Amino acid sequence: MEQGKHPPKPKPKPKPKPKPKPGAADGLGTPGRARAQRADGRRNQARVLEAAFAAFAEHGAAVPVRDIARRAGVSTGTVSRHYPTKDALFRAVVVHRVGQLVRSIEEFEAREDPATAFFAFFAVLVRESAADHAVRDALGDAGFDIRAAASTGGQDFDAALHGLLERAQRAGAVRDDVDTADVKALVVGCLARGSGPGDDTARQRMVAMACDGLRARRGRERETVSGGAEDDSPPA
């Protein structure tokens, strides 16, 4: 080696690329897959709920879970992951429908007098129950507690109906011995006409008769005679 010259320095070795840390969100790692799975889960849940609305409306609470899964295009296992029991799925559907009915009560109260609001909503409730078996089954207490379900969803249908009824009673439009259980029983009674082609007309007639029975009697007192029957005889 010539004097005064230094040997060439060795080239530095390239540093190895760091391995992605567990949990790094690179779109292909675990977090990316988790996000995709959550998005799929939300889509599947929405499909299940949409299918449940249609199935319960058509067949009521008796519809099998496998039929709902078939409508949604998913497996029964997927349905169970989101709603462990059919009762839980029915509860979710009814809470949604109850919320719509409570909003309907609020709208009637906001724009109508107490009498009109009560009788108009009564007719709407019969119509909605005729079109949706889930509402009918819930009102008819077909093994389901509508009050408990609605209250957990923040929508107390019984309380809203009671308020509507009470205001109509205070206005002198509805007889004062009626309660919400009577109103719901009359709704169910109006639906007892079956499902033939003349049902709409028959139900409207039933609604008219039910409303006549609910109205307070004016110009005379109701006196209860022995045995609990009301004395309808004209005054002497």
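Helices α9 and α10 are roughly antiparallel to each other, because their axes cross at roughly 155° and angles over 145 degrees are counted that way. In this predicted model, α9 spans residues 180-190 and α10 spans residues 199-214, and their axes come within 9 Å. The crossing of this pair is right-handed. On the α9 side, the contact is made by Leu186, Gly189 and Cys190; α10 contributes Arg203, Met206, Val207, Ala210 and Leu214. Sorted by class, the residues of this contact comprise six nonpolar, one polar and one charged.

From α4, the residues Arg97, Leu101, Ser104, Ile105, Phe108 and Glu109 take part. They meet Ala117, Ala120, Phe121, Val124, Leu125 and Glu128 of α5. The contact of α4 with α5 holds eight nonpolar residues, together with one polar and three charged.

Side chains of opposite charge can pair when their charged atoms come close. Here the side chains of Arg97 and Glu128 form a salt bridge, with an N to O distance of 3.0 Å. Since Arg97 belongs to α4 and Glu128 to α5, the pair ties together parts that are 31 residues apart in sequence. With a salt bridge taken as a side-chain nitrogen of Lys or Arg within 4 Å of a carboxyl oxygen of Asp or Glu, the count for the model comes to 11.

The other partner to consider is helix α8 (residues 157-170), which packs with α4 at an angle of about 25°, the two axes being 9 Å apart. This angle makes α4 roughly parallel to α8. The crossing of α4 past α8 is left-handed. Val98, Leu101, Val102, Ile105 and Glu109 supply the α4 side of the contact, while Phe157, Ala160, Leu161, Gly163, Leu164 and Arg167 supply the α8 side. Eight nonpolar residues, one polar and two charged make up the contact of α4 with α8.

Finally, a word on the annotation.

Definitions and conventions:
Residues are numbered from 1 along each chain as its sequence is written. This is a predicted model: local features need pLDDT of at least 70, side-chain atom pairs count only at pLDDT 80 or more; totals for chains, interfaces and linings use all residues. Side-chain values use heavy atoms; hydrogens and water are left out. Axes are lines fitted to C-alpha atoms, for helices over the stretch in contact, and angles run from 0 to 180 degrees between N-to-C directions. Helices (H or I, at least four residues) and strands (E, at least two) are DSSP runs, numbered from the N terminus. Angles under 35 degrees count as roughly parallel, over 145 as roughly antiparallel, 65 to 115 as roughly perpendicular and the rest as oblique. A crossing is left-handed if the near helix is turned anticlockwise from the far one by less than a right angle, and right-handed if clockwise. Contact means heavy atoms within 4.5 Å. Ala, Val, Leu, Ile, Met, Phe, Trp, Tyr, Cys and Pro count as nonpolar, Asp, Glu, Lys and Arg as charged, and the others, Gly among them, as polar.
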